[in-house]
Amino acid sequence: MASIITVKSVPFPDQRPGTSGLRKPVATFRQPHYLENFVQSVFDCLDQRQGQTLVVGGDGRYYNREAIQIILRMAAANGFSKVLLGRGGILSTPAVSALIRQHGALGGIVLSASHNPGGPDADFGIKYNISNGGPAPETFTQQVYERSLSINAYRCCDTADLDLDQEGTTELGNLVVDIIDPVTDYADLMETLFDFDAIRRLLAGGMPICVDTMHAVTGPYAREILENRLGAAPGSVINATPLDDFGGGHPDPNLVHAAALVAQLNSDDGPLFGAATDGDGDRNMILGRRFFVTPSDSLAILAANADLIPGYRGRLTGIARSMPTSRAADRVAERLGISCYETPTGWKFFGNLLDAGEITLCGEESFGTGSDHIREKDGLWAILFWLNILAAREQSVEQIVTEHWASYGRDYYTRHDYEGVDTTRATELMDRLRDQLEQLPRQTAGDNPVILADDFCYLDPIDGSTSAGQGLRLLFADDSRIVMRLSGTGTRGATLRVYLERFVPPGGAINQDTQTALAPLIERAEALANIRHYTGMERPTVIT
Ligand code: VG1
Ligand code: CO
């Protein structure tokens, strides 16, 4: 019989969760009691945990296995009756969300720092998801943070390490640990949403595709679904083995970090469809041959084509997008006569709207798209949605997107990131711009004045909660928009994100290069916020 021990510890002052859980360098997490304190703080905020099920898994990054052993010992000592664990400690973020829902679990713990690099000198992260399968709302993460500031002990069992690679049921004290195949349930769920026969005809019929899972968690899921179940040629999924350092790369699906994929799609005899996913499998990038689909457009196009997809035909109730995401989806919602919501950055803000049935699809400019099938964004789901559209429309990615622009107009869109900025300087930049917001609409600058400027404050229409300080928005007379905010997922210094967009109505110049089309707005952002001065950088570190 395992005995429960109480270990004394002292609080750490820096355990406030950000946009998506607590993310820190591995070295921080490896400090004695650091992970334990945070996990105990989460458990302490779950009064109803006795006898409940918890789903646990991670993206396989460095420290994943050690962290899982600690969490199992603590779950056993904190009254849970069962933990569902992915074999090898592997579960993608969307798979955790699906499992929580399928098994009626109290919640789940996802171990990931998503798109941040992994390895002993890189990042680790932990996030708690609630019983609807979605990230815990701010009220909960705030309670956890407050608890972490006063915690002085945690509980664990004095049991030996479990073999994480052996499927089946084991007991750890009073806790049952059920180690399951990480892929099967998720893959089965996908089969209920999409026309697998039509996609199989497309892929097995020979359409070449390339999906780069970036040595991260989606590899086994994509292999099983795309190659085994849908008949894509072997090797269609590249970098498919999860590595604890993601092969030394950034598992971030964008044009900069998925360079190998982009090179393939740019060749004359290369694939006709390309996609990439991130560290924990919730992000996606969609490419056609020599063609990039912005995530904002992708959300709009999924919505506009939802009637082609079995799981979504005739049942869109509404769409939500994060505030910095372009308004392309709003135009589709308007034409469909359904509601459209604007939420702060981060998936946790979609949960209430999804639970209430107010929205069916949602997305973010940061390569995130998802639906009411789970409560997280879902990279492979988005890839399957696109493949289903391609199969139904028998057109190329480029044709589908350009027809969309011709019909709805085009929202030119780019995000400029300035990473690793001195935190004080980044805060100064934001403070200074915030101070000017009130005057800006009254100062007529040239022929395109600012007509609205504010710091986005969200009122959740379902539970009435408010979230202030969610990003500075500047709207101009010609309907173009600049948004600036500081990242809540970085672990070193500050990251300034500048989001720029301009709408060109149908019939206008919809085939320009994005950076050229947005050049005047990019200059305007510099003039208003003195970005070079405050960041000390001549240009952004990443442009997406
Ligand atoms: C970023 C993105 C945001 C996303 C979050 C988590 O947050 O901008 O849209 O929800 O990452 O995604 P921030 O605060 O750094 O801008 V993931 O795939 O890292 O869980
Ligand atoms: Co992610």
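This briefing describes the domains of a predicted protein model, one interface between them, and selected residues and elements.

The model is predicted, so that local features need pLDDT of at least 70 and side-chain atom pairs count only at pLDDT 80 or more, while totals for chains, interfaces and linings use all residues. Residues are numbered from 1 along each chain as its sequence is written, chains are lettered from A and ligands numbered from 1 in the order in which they are written, and side-chain values use heavy atoms, with hydrogens and water left out.

The protein chain is assigned domain 1 (4-181), domain 2 (186-408) and domain 3 (410-543); these bounds come from an automatic or database domain assignment.

**Interface of domain 1 and domain 2**

- The centres of the two domains, taken over C-alpha atoms, are 28 Å apart.
- Domain 1 brings 33 residues to the contact and domain 2 brings 32 residues, where contact means heavy atoms within 4.5 Å.
- About 2,400 Å² is buried between domain 1 and domain 2, with carbon and sulfur atoms giving 59% of that area; buried area is the accessible area (1.4 Å probe) that two parts lose on being put together, summed over both.
- One salt bridge is found across this interface, a salt bridge being a side-chain nitrogen of Lys or Arg within 4 Å of a carboxyl oxygen of Asp or Glu.
- Glu376 and Lys127 form a salt bridge in which the closest N and O atoms are 2.7 Å apart.
- On the side of domain 1 that touches domain 2, the elements giving two or more residues are α4 (93-102) and β6 (123-129), and α4 gives the most, with seven residues. Helices (H or I, at least four residues) and strands (E, at least two) are DSSP runs, numbered from the N terminus.

- Thr218 is located in helix α8 (residues 218-229) and is buried at a relative accessible area of 2%; buried means under 20% relative accessible area (1.4 Å probe, protein chains only).
- Beyond its neighbours within four places in sequence, Thr218 is in contact with Thr213, Thr277, Asp278, Gly281 and Leu380.
- Ser371 belongs to strand β18 (residues 368-371) and is buried, with 1% relative accessibility.
- The side chain of Ser371 makes polar contacts with the side chains of Tyr312, at 2.6 Å, and His373, at 2.7 Å.

**Helix α17**

- In helix α17 (residues 519-529), the buried residues are Leu521, Arg524, Ala525, Glu526, Leu528 and Ala529.
- Elements covering these buried residues include α15 (423-436), β20 (450-455), β23 (472-476), β24 (481-486), β25 (494-504) and α18 (531-535).

**Arg485**

- Arg485 is placed in strand β24 and is buried, with a relative accessible area of 10%.
- Although 59 residues separate Arg485 and Ala426 along the chain, their C-alpha atoms are 9.7 Å apart.
- The side chains of Arg485 and Tyr499 are joined by a polar contact of 2.9 Å.
- Apart from neighbours within four places in sequence, residues in contact with Arg485 include Thr19, Pro324, Thr345 and Met430.

Note on methods: Buried means under 20% relative accessible area, exposed over 50%, partly exposed in between (1.4 Å probe, protein chains only). A polar contact is a pair of N or O atoms within 3.5 Å; within protein, one must be able to donate a hydrogen and the other to accept it, and residues adjacent in sequence count only if both atoms are side-chain atoms.
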